Amino acid sequence: MSLVWLVLTPFLGAALVAAVARLGRSHAAWAAGAVTLLALAWLLPLIPTAFAGSTVLQRVGWLPSAGVDLVFRLDGLGLLFALLILGIGLLVILYARYYLSPRDSMGRFYASLLLFMGAMLGVVLSENLIQLLVFWELTSLASFLLISYWQHRADARNGARMALAVTGAGGLALLAGFLLLGEMVGSYELSALLAAGDVIRAHPFYVPMLALVLLGAFTKSAQFPFHFWLPHAMAAPTPVSAYLHSATMVKAGVFLLARLFPALSGTPEWFWLVTGAGLATLLVGAFTALFKHDLKGLLAYSTISHLGLITALFGIGTPLAAVAGVFHIINHATFKAGLFMAAGIIDHECGTRDMRRINGLWRYMPHTATLAMVAAAAMAGVPLFNGFLSKEMFFAEAVGVSATLAWGWLLPVAVTAAGLFAVAYSLRFIHDVFFNGEPIDLPRTPHEPPRWMKVPVEILVVLCLLVGIFPAQTVEPLLSVAAAGVLQAPTPAHDLAIWHGFSPALWMSLIALVGGVLVYVGRRPLFDLYERRIEPHLDAKAIYEYLLGRLFAFARRLTGWLDTGSLPRLLGLFFLFALILGAAGLASDTVPLTGARALLPVDGISLLATLGLIAAALATVVLHRQRFTALILIGAVGLTVALIFIKFSAPDLALTQLSVEVVTIVLLLLALYFLPQESPAESGTPRRLGDGVLALAAGTGAGLLAWAVLTRPYQTIAGYFLDNSLTGGGGSNVVNVILVDFRGFDTLGEITVLALAGLGIYAMLEHLRLPGPARDPQGRPWDADRHPAIMASFTRLLLPLALLVSLFIFLRGHNLPGGGFIAGLITAVALIMQYLANGVAWTQVRLPGSNMHPLIAAGLAIATVTGLASFAFGHPFLTSTFGHVHWPLVGEFELASAMAFDLGVYLVVVGATLLILIHLGAMHTASHEAPSPTKGDN
Amino acid sequence: MEALLALIIGVLTACGVYLALRRRTFPVVLGLTFLSYAVNLFLFAMGRLVVGRPPVLSATATGYTDPLPQALVLTAIVISFAMTAFVIMLALKARAELGSDHVDGEGGR
C-alpha cells in the first residue's frame with residue numbers, strides 16, 4: 001500500500017505544516033521538507049520494480065458495491081513524474097524559505113504547496129481515470145490557492161481566477177471525454193484502456209472523445225489558444241512559478257497526452273489536432289517571449305513555447321518522437337525551474353522584474369549570473385547543454401515526418417523559426433539582465449542572495465550540464481523506462497550522442513543559433529512592429545474578459561427574468577413548470593390511467609367524511625381572508641386527515657396527525673395574534689382566475705396521479721420488515737421498529753432537523769418585539785380574566801394524567817401504536833396546556849428546567865450514543881439489541897436498546913416543540929400589558 | 001374508496017396551490033399546510049388502501065398493510081410541523097422587520 005501512502009503523505013503533511021508553522025518560520029519549511037522526504041521514502045522501494053519494466057498496481061476497496069476502487073499505478077512514466085514532483089518540490093521548498101518575506105504566512109504557503117504536491121502525485125499515479133480526474137481538479141484548486149497567495153494584490157486574484165476558470169472548464173471537458181472513453185472500453189482503468197487502442201480508434205465516438213480529452217490537456221498545458229492564463233498566473237510567488245508553471249502542473253496536460261498515447265494516437269485526427277496545436281503554441285510562445293519586458297513574462301511565454309514543442313512531439317506520433325517528448329519534459333523541467341528561481345533571486349534583490357531597468361547585474365551577482373546563463377543556454381538549445389539534445393531530436397522528427405506530407409517542407413521551416421526565436425529571447429534574457437550597461441533606477445542595490453537560496457539553482461544547473469555532456473551515463477536509464485511506460489512497449493533504439501554527423505537537424509540548429517543572434521542584434525524594428533501593430537490587436541485576455549462579461553450578463557438577465565423578487569411569481573412559475581413536466585409525462589405514456597387492482601367498496605361514513613373534508617377545505621379557501629375562521633376550518637381538515645389514517649390501518653399515523661394538528665393550530669393561533677386579523681382583498685379577478693386555473697390543474701394532476709397509483713397492484717419490500725420486526729428488532733409494531741431500528745439513521749437525521757428548526761426559530765424570535773393588538777377584531781377589549789380559574793384548575797389536575805398517558809404511549813410504542821414521536825407530542829401538548837391556562841410566568845416558575853436547549857441536546861446525544869454503542873459490540877452504527885426481563889408485579893417485560901433511541905426522539909420532540917411555543921407565548925405576554933391584575937395569575 | 005382518496009388529494013392540492021399564491025403571509029402558511037396534508041396522504045397512498053390490517057404483529061391477524069410508507073409519513077408529519085412553525089415565525093419576523101405582512105414586503109413602512 002506504499003503508493004497510497006505516497007499520495008496521502010503530502011495531504012496529511014499539509015495539515016501538519018499548517019500547525020507547525022505557528023512555532024516559527026523555519027519550522028514550516030523543515031516540516032514540509034520532511035514530509036517530501038517521507039514521500040520519497042515511500043517511493044524508493046518501488047523504484048527497482050519500475051526500472052525492471054513491470055507496472056506496480058495497488059488497489060484499495062473504496063465502494064466495492066459500485067465497482068469503484070482506489071487504484072494506484074507506478075510504471076516508468078509515473079516514476080519519472082513522481083521523481084520530478086518530489087525532487088523539484090524539495091528544491092522549491094528550500095528556495096521558498098529564503099524567498100518569502102517575513103510578512104508572508106509560511107504555514108499557508110507550505111500547506112498549499114503540499115496540497116498541490118499530493119494532488120499532482122495523485123494525477124501521475126492514478127490507474128483509474130475518474131480518480132485521476134479528481135486529483136486533476138485538485139491541482140487546479142491548489143494552483144488557485146498558490147497563485148492568489150498574495151491575496152491583497154488584485155492581479156494575483158484575477159490571475160488565479162483566470163487560471164481556475166480556464167483549467168476548470170478544461171477539466172469539465174476532460175470528464176466528459178473520460179466518460180466517453182470509459183463507455184467505449186467498459187472500464188476506467190488504464191491497464192484495460194491502454195490495451196484497447198484499436199477498439200477506441202475504431203469507435204464512432206472517437207473524434208468527439210478525442211476533442212474533449214484534448215481540451216482538458218490543452219487548457220492545462222497552456223496550449224494555443226488557451227495559453228493566455230499562464231502569463232497572468234505569473235502573479236504567483238516565484239517558487240510557485242518554478243514549481244507549478246514550469247516543472248509540474250502545466251506538464252499535467254502533456255503527461256495526459258503521454259499517458260493515453262497508446263490508446264489515442266496513430267490517427268490523422270490525433271496528428272493534426274495535437275501537432276497543429278503544438279506547433280501553433282510553439283511559434284506563438286517563442287515569438288511573443290522575445291518582446292516581454294517582464295522577466296517572468298518572458299519565461300512564461302518561453303514555457304508556453306516549450307510545452308508546444310512537447311505537444312507537437314507527441315502529435316507526430318512515432319515512437320522516437322515520444323521518446324524525444326519525454327526527454328524534453330525532463331530537460332525543460334530542470335532548466336526552466338532553475339531559470340525561474342534565478343529570476344526570483346533577481347526580482348528579490350532588485351525589487352523589480354522589468355528588463356528595461358535591470359541591466360549589468362554581472363558586476364553585482366556574478367555567481368547567480370553564471371547559473372542563469374547556463375540554464376538560459378540550455379533553454380536556447382546550445383550544444384553541451386541538455387536542451388540541445390532533445391531539441392535536435394525534435395528537429396530530426398520534424399524532418400522525418402515532413403517527407404510524408406504535402407507542403408511538408410513547411411514543418412522544418414516552422415520549427416527552425418521557433419528555435420531561432422528561442423535563441424533570440426534566451427540571448428535577450430542574458431544580455432539585457434547581466435550586461436547592457438548599468439541598472440536604471442532600481443529600488444535597491446542588488447547583491448548575491450543568501451547561500452542556501454542558490455543551492456537549488458546550482459543543483460538544477462549541474463543536472464543540465466551533466467545531462468547535456470554525458471546523456472548516456474546519466475539520463476538514459478530513466479528516459480528508457482519512462483518512454484517504455486509511455487509506449488507500453490519496449491523503447492525503440494535511440495542515440496543520445498551529442499554528435500550525429502552533419503544531419504539536417506544539425507544544420508537547423510546552426511541556422512537557429514546564428515539567426516537567433518542576428519534577430520537579437522537587429523531587434524529594434526521588430527520591437528516597434530510588435531508594440532505598434534501586433535500587441536494592441538492580439539490580446540487573448542480581452543477576449544476572455546469579454547466572454548466572461550457576456551456570460552455574467554446573461555446569467556444576470558436570466559436570473560432577473562425568473563426572479564423579480566416576487567414570491568407569488570416564483571411559486572407560480574414553479575407550479576407551472578411542475579405541471580408542464582407532469583402533463584408531458586402523462587401525455588407521453590400509453591399505459592391506461594386506471595390499473596388492475598381490485599377497488600374497495602365505498603361506505604356511507606367514508607363518503608360523509610370525504611364530503612365534510614372537501615367542504616371544510618373549500619370553505620377555508622373561500623373564507624381565507626377572515627383568518628381566524630380559516631384557521632378553525634383548516635383544523636377540521638387536519639382532524640379528518642387523522643380519520644383517514646385510522647380508516648386505512650395506520651393507527652400510528654392517526655395518533656401523530658392528531659397531536660401534531662393540535663400543536664400546529666395552537667401555534668398558528670398564537671402567531672395570528674401578531675398578524676392582521678384579516679387579509680385585504682388585493683388580487684383582482686383576472687389574477688384570482690389565473691391562480692384558480694393553476695390550482696385546479698395542479699389538483700387534477702395530483703388527483704389523477706393518486707388514482708393511477710391507488711388502482712395499480714405493486715411489489716412491496718414490506719415482507720422483509722414484517723418478517724424481521726419481531727425476531728430482529730424485538731417489537732411487533734412494525735412502523736415503530738422501522739423508525740427506531742431498520743431506518744434508525746433516517747430518524748436520527750429527522751430529529752436533528754427538528755432540533756435545528758427549533759433552534760432556528762429561537763434565534764429568529766430572540767429580541768423580536770411585535771406590538772399585539774389591544775382589542776379583538778370586533779373592537780372589544782380582551783377579557784380582563786386571562787386565565788379563567790376553572791380552566792386553570794382543570795388543566796393542573798389533568799397534567800399528571802396526560803403525562804401518564806404519554807409515558808404509556810412511549811412504553812408500548814415498540815409493540816403497539818405509539819412511540820417516541822407521539823409520546824413527545826402528547827407531553828408537549830400537556831405542558832402547553834399549562835402555559836395556556838396558567839400563563840407563562842406561573843408555569844416557568846413551577847416547571848424545572850424550562851430552558852429547552854439542554855433537553856434537545858440530551859435527546860440528540862442519547863440517540864447518537866445509542867447508535868455508537870453498537871460499535872462497541874462490533875456491529876454497524878445503530879444496530880439494536882433486545883432482551884426480556886422479568887419485573888416483579890409487572891411481569892415479562894421487553895427491553896430493547898431501540899427504546900433508548902426512542903427516548904432520544906422523545907426528548908427532542910418535546911424540547912423542540914416547547915422551545916417554539918414557549919418563546920412565542922412569552923412574546924405574547926410581553927407584547928401588551930394586562931389592563932389590570934388578574935385573578936387567574938395566582 | 002380509492003376514488004374518494006384521490007379526490008381528497010386533488011382538492012387538498014388545489015386548495016394548497018391557490019392559497020400559496022396569495023399575497024399575504026398567513027394564507028401562504030395555510031396553503032403550505034394544505035400541501036403537506038396532500039403530500040402526506042399521497043405518500044401514504046403508495047402503500048395502497050387496506051382496511052383493518054394495521055402493521056402490528058399479532059397471532060390473530062390475517063394480514064398486514066405496508067408499514068414502510070407509514071414510517072416515512074410519520075416522520076414527514078413531524079417535519080411538516082417543524083416547517084410550518086419555521087415559516088410562520090419567518091412571517092412574524094418579516095412583519096417586524098418590514099412592517100407589512102405582504103410576502104414581497106410591499107406596503108411596509
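## Basis

This is a predicted model: local features need pLDDT of at least 70, side-chain atom pairs count only at pLDDT 80 or more, and totals for chains, interfaces and linings use all residues. Residues are numbered from 1 along each chain as its sequence is written, while chains are lettered from A and ligands numbered from 1 in the order in which they are written.

## Chain B

Chain B has three helices and zero strands. Its pattern along the sequence is α-α-α. Helices (H or I, at least four residues) and strands (E, at least two) are DSSP runs, numbered from the N terminus. The radius of gyration is 19 Å, well over the 13 Å that the globule rule gives for 109 residues, so chain B is more spread out than a compact globule. That radius is taken over C-alpha atoms, and the rule is 2.2 Å times the number of residues to the power 0.38. The C-alpha trace of chain B spans about 65 × 25 × 15 Å along its principal axes.

Of the 109 residues in chain B, 64% are buried. Buried means 20 or more other C-beta atoms within 10 Å of the residue's own, with C-beta atoms placed from the backbone.

## Where the chains meet

In chain A, 97 residues are in contact with 73 residues of chain B. Contact means that the C-beta atoms, placed from the backbone, lie within 7 Å. Helix α31 (residues 685–710) of chain A gives the largest share of chain A's side, 14 residues. That side divides into 64 nonpolar, 25 polar and eight charged residues. Ala, Val, Leu, Ile, Met, Phe, Trp, Tyr, Cys and Pro count as nonpolar, Asp, Glu, Lys and Arg as charged, and the others, Gly among them, as polar.

## Arg23 of chain B

Arg23(B) sits in the loop between α1 (2–20) and α2 (25–45) of chain B. Arg23(B) is buried, with 20 other C-beta atoms within 10 Å. Leaving out residues up to four places away in sequence, Arg23(B) touches Pro568(A), Glu682(A), Ser683(A), His102(B) and Val103(B).

## A helix pair in chain A

Helices α18 (residues 366–380) and α21 (residues 451–469) of chain A have axes that come within 10 Å and cross at roughly 40 degrees. The residues that meet include Leu371(A) and Val374(A) in α18(A), and Val457(A) and Val461(A) in α21(A). By class, this contact has eight nonpolar, three polar and two charged residues.

Definitions and conventions: A residue is buried if 20 or more other C-beta atoms lie within 10 Å of its own, exposed if 12 or fewer, and partly exposed in between; C-beta atoms are placed from the backbone. Axes are lines fitted to C-alpha atoms, for helices over the stretch in contact, and angles run from 0 to 180 degrees between N-to-C directions. Two residues are in contact if their C-beta atoms, placed from the backbone, lie within 7 Å.
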